[in-house]
Each structure stands twice: as structure tokens, then as C-alpha cells.
Amino acid sequence: MSTTKRKSLIISPELCIGCRGCQTACKEWNQLSATKTTNKGTIENPPDLTPNLFNRIRYLEVPSETNPVRWLFVSQRCMHCDDAGCMKICPAPGAIYKTKEGIVAYDKEKCIGCKLCVAGCPFNIPRYDEKNKISKCHLCSDRVAEGLVPACAKTCPTGAISYGDRDDMLAKAHAAGYQKLYGQADLGGLGTLYAFKDAPKVYGMDENPAIPESVVFWHKVLKPLAYWGLGGAVAASLLHYVAFGPKKDEEVK
Amino acid sequence: MSDMVRKANAFEILNHWVMAISFFILTITGFAFLFKLEQMNAVFGSFHQMRTIHNWTGVVFSASLFFSLFSYLIEALIFTGEDAVWLIKAGGYFSKKMKLPAQGRLNAGQKGYYLLLLLTGGAIAASGFVIWLMPGVKKWILISHLAHNISFDLLMLAVPSHIYLATLANPGTFRIMVYGTVPLEWARKRHARWVQKMGF
Ligand code: HEM
Ligand code: SF4
Ligand code: SF4
Ligand code: SF4
């Protein structure tokens, strides 16, 4: 085993001022073209992740009793799940893989464009480029491999996106008073963690994100049953042949 | 050996081979997807090509399943009292002394197998087309992925048993898939109602 530590991001919506520098930095590093969008009267733009947009600032206006004008800016991107539904369901070897830093990265050459990963992901993350190849945040796996900080974290002017060794980051957040970060234990522990000060749903996130039950059932039961079933049927047939023998014509009445 | 009777016509023989071969290819490629068997690149070139082969072989399999309807469906749906007795006696497969009731062209086990094949084959085909042609529609893909795999498991149990019963377990049966004919005496012992009805 490599001793490289699992890397992660911590996103702190309360620190985010919605400048969207991270969106731009990501596009620049990953050479993703800009997309023309329309003004919908919100800072949230583009309205959804696209094959050319790996991260996005969601804008939420959620007044609370103490703060009648509470604006929340919540970055949305791949969560780099430890137990990654996209990778579990993908039928193409090497199309989605984990790096030694725990990043859920992908190889477009190996992606066969079946889009099963969309069905496996609990966070609605994978998108497709014009060649039907998976496209999403890869935690700047190329930069991280060289010991660099991901582009979005590097660019963030307020510290709303911080990056480092997952264990250290968690320890620091706990020391700073966060009892539990969002994603700390979900799906085996997410690589993208959120320092929420309120319930996840206030930030538009699932309380208990999970891989679809049918995919878990498929992985745990149906997959092994395919070869045990095939092997069992062949074995039972041979056993029957030995125990009872064939119906020889002269024995058939 | 002069008294031979025809149990399958040329089209049925051909269709059976088309189904068997396409099923075999689908199973091999299916296993490769299921377990990300990179070694299969040696056979199919790449997973891209394998996907194309799997999907289009699925079209061939679906067509053969459709044509099989004309050969078996009506008879498979008619369940007689003699079929019930045959099933209770488990087709005599666990005791040689069993006296079995007269059967039609298909015995009760063959009827049941055909209906199971139709159900699971139909489900695996339908779900396969959904996965192929409706990519990214999460709700449909999840249901289809489940259906594709449940039917696959059932087929992995049923088909080897079918092959065993049609070859090793019942000498003289496999020639139907090659020549379509069987000796009259052979048929009389196993499909008395059918021989009677046809007036052979
Ligand atoms: C009849 C039409 C069929 C179509 C259109 C079809 C299509 C597909 C598709 C699209 C996939 C997903 C992977 C990919 O995109 O390459 C798939 C996977 C698979 N297919 Fe089929 N298929 C068909 C029939 C069959 C049959 C008859 C079998 C079994 C004998 C089979 C066994 C499998 C298995 C085991 C998998 C991998 C399971 C998974 O990853 O979910 N398929 N098929
Ligand atoms: S679209 Fe590509 S990455 Fe997604 S499941 Fe299919 S092969 Fe894997
Ligand atoms: S968030 Fe979705 S795409 Fe990202 S690793 Fe988890 S399952 Fe995969
Ligand atoms: S980690 Fe890299 S790829 Fe992911 S959103 Fe940030 S800049 Fe984009």
C-alpha cells in the first residue's frame, strides 16, 4: 500500500462570497470552453453542471429568524465518494478509477458512453461531452499528482474551499468547533466535505446520501449469483448425471 | 431406422441455433461487463467494440425469441392434468421406476422452461434496449439495470439445466437440433399424445 494520504476539500458556504472564481479557475486549468447562458435574475449561472462546468456555485436565499437576508453560496461538484456509486456500476474497466490520493478520476479513452454512472451516483454529478464520454470534477488529479493544490481551491480568495490531507483537515475542523462535517461518514466518507452550520437541507443537500438500493443489491447479491448460479447449475447437472444417470432409451417406459 | 418423424422444421432448427449462439455471445460479453474483465479485450478488441457487439447481438437474440413464439407459445400455455402428474413425478428424473403420463409435443418441463425463457428473455431484451437507447434517464435505467441482471441470473440457472436435459440426460434428444427428426419409437415413448394426434 502506498502511504499517500487521502486528500480532500472542505467547503464552507458561510465563507463563500459567490465570486465564482473557482468556476473560472476550473475552466482555465481544465481548458473547458465557456457556454453562453441567459440571465435568470440570480447569481447562479450556468443553471446546472455541464460537461464544461465541473463546479458551480449554487445560490440559496434562506432567511432565518436571526438573519432575514441570509444568502448561501454552496459549491456543487463531484464528492469523490470512498464508496463511489459511479465506479461500482460502471461496466468498463479503468473508465472510472481511484487515484492513490482517493480521487475518483476517469479516463475518457476507456469510457464506453453507456451512462450507467448517472444512475449510480447519489449526487447527480456525471455529465457527458459531445462524444458521450463522462465529464466531471476529478479533483485536479493531474495537479494533485504533482503535489499542487486544485485550481478552484488555489483561486478561492476567502478560504471557502480549502484543501489538504483529509485526516488533518477533519481534525482542524473539529478543533474549530464543527462536531461533524457533511460527508464525514457518508458513503464510506466523502472526499468533498462541507462545513455546514445548519441542517444539510438548508444548503440543498441530502441528509443521508446513499447509492440507490437496487445498485447495492445488484452488487452484493445479483453479481455473485451470476457465477454461483451458473456454476451451481452445471454442478447440479453433473451431480444428477452421476447420481441418477441418463434416461437411456430402453429405460423409458 | 426407417421410421423417423419430424419434430422440428428447418426454420425451427435454424432459429434455435441463432438463439443459442447469440445467447452465448451475450453471456460472455455480459460477464465481461459485470466483472470488468479487461482480459476480454484480447477477444473483442475493446470494451467499445464489445458494447456494440453485445447490443446488436441483443437485436439478433430478440428476433429469435420473437420467432420462437410461433413454435412454442400456444402449446406451452395449455396445461393439462397429465402435465400436473408429470410435474409431481418430477419428470421421472429422480427415479427410474416412475411411470410417466403421456405427453404432447412438449412435456410439462419443456412448457415451463419455454415460459420461463420467454419471461426472462423478454425482460432482459426489453431492459437491454432501455439501457442502450435511454441512457442517463435515471429512473428507467435503475429499473432496467435491475431487471437485466435478475433475468440474467435466472437464465444462468435455467439454460445450463436445459442444455444438460437436452444432451447428456436424454440421449437421442440433441439430434432434434441438428436433423429435426427422431425415431418414431423414441417419440412414442416420450410424446405419446403428440404421436397420437399427428397420426404417425
Ligand atoms: C436483447 C437485447 C439486449 C440488449 C439491447 C442489451 C444491452 C445491454 C446494455 C446496454 C448493457 C449495459 C452495458 C453496456 O452499455 O454495454 C448490458 C449489460 C449486460 N447484459 Fe445485456 N443486452 C441484451 C441482452 C442480454 C442477454 C440476452 C444477456 C444474457 C445472456 C445479457 C447480459 C448482460 C449482462 C450480464 C450485462 C452486464 C450487467 C451490468 O453491467 O448491468 N444481455 N446489456
Ligand atoms: S458512461 Fe463511461 S464512465 Fe459512465 S458508466 Fe459508462 S463507461 Fe463508465
Ligand atoms: S459524487 Fe457521484 S460522480 Fe462523484 S464519486 Fe460520488 S458517485 Fe461518483
Ligand atoms: S478540483 Fe479541479 S476539477 Fe474539481 S472543481 Fe476544482 S478546479 Fe475543477
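Chain A is divided into domain 1 (7-203) and domain 2 (213-248), with bounds that come from an automatic or database domain assignment. The centres of these two domains of chain A, taken over C-alpha atoms, are 43 Å apart. This is a predicted model, in which local features need pLDDT of at least 70 and side-chain atom pairs count only at pLDDT 80 or more, while totals for chains, interfaces and linings use all residues. Residues are numbered from 1 along each chain as its sequence is written, chains are lettered from A and ligands numbered from 1 in the order in which they are written, and side-chain values use heavy atoms, with hydrogens and water left out.

**First stop: a loop of chain A**

Select A:Gln31, in the loop between helix H1 (21-30) and strand S2 (56-61) of chain A. Helices (H or I, at least four residues) and strands (E, at least two) are DSSP runs, numbered from the N terminus. Most residues other than glycine have a negative phi, and most peptide bonds are trans. A:Gln31, however, has a positive phi, near 50 degrees. Select next A:Pro46, which lies in the loop between H1 and S2 of chain A; a cis peptide bond with omega of about -5 degrees joins A:Asn45 to A:Pro46.

**Second stop: two ligands**

Select ligand 2, which 14 residues surround, each with a heavy atom within 4 Å of the ligand. The closest are A:Cys90, A:Cys111, A:Cys114, A:Lys115 and A:Cys117. By class, this shell has twelve nonpolar, one polar and one charged residues. Here Ala, Val, Leu, Ile, Met, Phe, Trp, Tyr, Cys and Pro count as nonpolar, Asp, Glu, Lys and Arg as charged, and the others, Gly among them, as polar.

Proceed to ligand 3, where A:Cys78, A:Met79, A:Cys81, A:Cys86 and A:Cys121 come nearest of the 14 residues around the ligand. The shell of ligand 3 has eleven nonpolar, two polar and one charged residues.

Select helix H4 (residues 81-88) and helix H5 (residues 108-133) of chain B, which pack at an angle of about 90 degrees with their axes 8 Å apart. Axes are lines fitted to C-alpha atoms, for helices over the stretch in contact, and angles run from 0 to 180 degrees between N-to-C directions. H4(B) is therefore roughly perpendicular to H5(B), a term for angles of 65 to 115 degrees. Their contact (heavy atoms within 4.5 Å) is made by B:Asp83, B:Trp86 and B:Leu87 of H4(B) and B:Ala108, B:Gly109 and B:Lys111 of H5(B).

Conventions. Angles under 35 degrees count as roughly parallel, over 145 as roughly antiparallel, 65 to 115 as roughly perpendicular and the rest as oblique.
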